[in-house]
Amino acid sequence: QVQLVESGGGSVQPGGSLRLSCAASGIIYSIYTMGWYRQAPGKQRELVATITYNRDDTTYADSVKGRFTIASDSAKNGINLQMNSLKPEDTAVYYCNAHVLTTDYRRLERWGQGTLVSVSS
């Protein structure tokens with residue numbers, strides 16, 4: 001199967017920075033897209049940023065444009081999310097998402113377990 005493992009969450013003061021990483025493993029033939037979503041308490045899960053793996057086309061939520069940067073890490077079959085100028089409203093559980101083609105030619109969508117980002121003074 002396919003697994004996603006996230007790392008890099010934590011607590012930071014407003015204006016600070018964090019870097020999230022996500023690595024995919026398993027029976028992966030190729031990766032279509034990967035991305036980050038987040039869910040704050042009492043709110044629905046929302047898209048943060050995505051990247052089309054072979055083209056490096058990126059999309060961002062308006063709320064994070066200019067502050068967050070998503071990048072692929074092909075050595076790890078993964079992605080990174082550099083988050084700068086963090087705000088309290090960025091506090092949420094961040095989930096990695098991937099759409100992959102497996103070695104037996106199945107298209108799968110997988111989610112990571114989530115990593116908490118907390119921004120407060």
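Before I turn to the strands, let me say that two strands pair here if DSSP finds at least two bridges between them, and that helices (H or I, at least four residues) and strands (E, at least two) are DSSP runs, numbered from the N terminus. What we have on the screen is a predicted model, in which local features need pLDDT of at least 70 and side-chain atom pairs count only at pLDDT 80 or more, while totals for chains, interfaces and linings use all residues. Residues are numbered from 1 along each chain as its sequence is written, and side-chain values use heavy atoms, with hydrogens and water left out.

I will start with strand β4, residues 28-39. Six bridges join β4 to β5, and these two strands run antiparallel; within that pairing, Thr 33 has Thr 52 of β5 as its bridge partner. The hairpin of β4 and β5 has six residues between the strands, and there Gly 42 takes a positive phi near 75°. Strand β4 is also joined to β9, again in the antiparallel sense, by 10 bridges, and in that pairing Arg 38 stands opposite Tyr 94 of β9.

Next comes strand β8, residues 78-83, which is largely enclosed by the rest of the structure because five of its six residues are buried. By buried I mean under 20% relative accessible area, by exposed over 50%, and by partly exposed anything in between, with a 1.4 Å probe and protein chains only. Which strands does β8 pair with? One is β3, residues 18-26, which runs antiparallel to β8 and is joined to it by six bridges, with Ser 21 and Asn 80 as bridge partners. Another is β7, residues 68-73, which pairs with β8 in the antiparallel sense over six bridges, and here Phe 68 has Met 83 as its bridge partner.

The hairpin of β7 and β8 has four residues between the strands, and Asn 77, placed in that loop, has a phi near 50°, which is a positive value in a residue other than glycine. Asn 77 counts as partly exposed, at 27% relative accessibility. Ser 85, in the loop between β8 and β9, likewise has a positive phi, of about 50°, although it is not a glycine, and Ser 85 is partly exposed with a relative accessible area of 40%.

Let me move to the interior. A nonpolar core is a set of buried Ala, Val, Leu, Ile, Met, Phe, Trp, Tyr and Cys residues joined through side-chain atoms within 4.5 Å. The largest such core has 32 residues, of which Met 34, Trp 36, Ile 79, Leu 81, Met 83 and Tyr 94 touch the most other members. Among the elements that give two or more residues to this core are β3, β4, β7 and β8, while the largest share, five residues, comes from β9.

Now the aromatic rings. A pair of aromatic rings is described by the distance of the centres and the angle of the planes. Rings of Phe, Tyr and Trp (its six-membered ring) pair if their centres lie within 6.5 Å, and planes under 30 degrees apart count as stacked, over 60 as edge-to-face and the rest as tilted. How many aromatic pairs does a search of the whole structure find? The search finds two. Tyr 29 and Tyr 105 form a tilted pair, 5.7 Å centre to centre with 55° between the planes, and this pair links distant parts of the chain, since Tyr 29 is in strand β4 and Tyr 105 is in the loop between β9 and β10, 76 residues apart. Both of these tyrosines are exposed. Tyr 37 and Trp 111 form an edge-to-face pair, 5.1 Å centre to centre with 65° between the planes. Tyr 37 lies in strand β4 and Trp 111 in strand β10, so this pair ties together parts that are 74 residues apart in sequence. Trp 111 itself is partly exposed, with a relative accessible area of 35%.

Finally, two residues that I would like you to find on the screen. Leu 47, in strand β5, is partly exposed at a relative accessible area of 32%, and its C-alpha atom is separated by 15 Å from that of Thr 115, 68 residues apart along the chain. Arg 106, in the loop between β9 and β10, counts as partly exposed at 31% relative accessibility.
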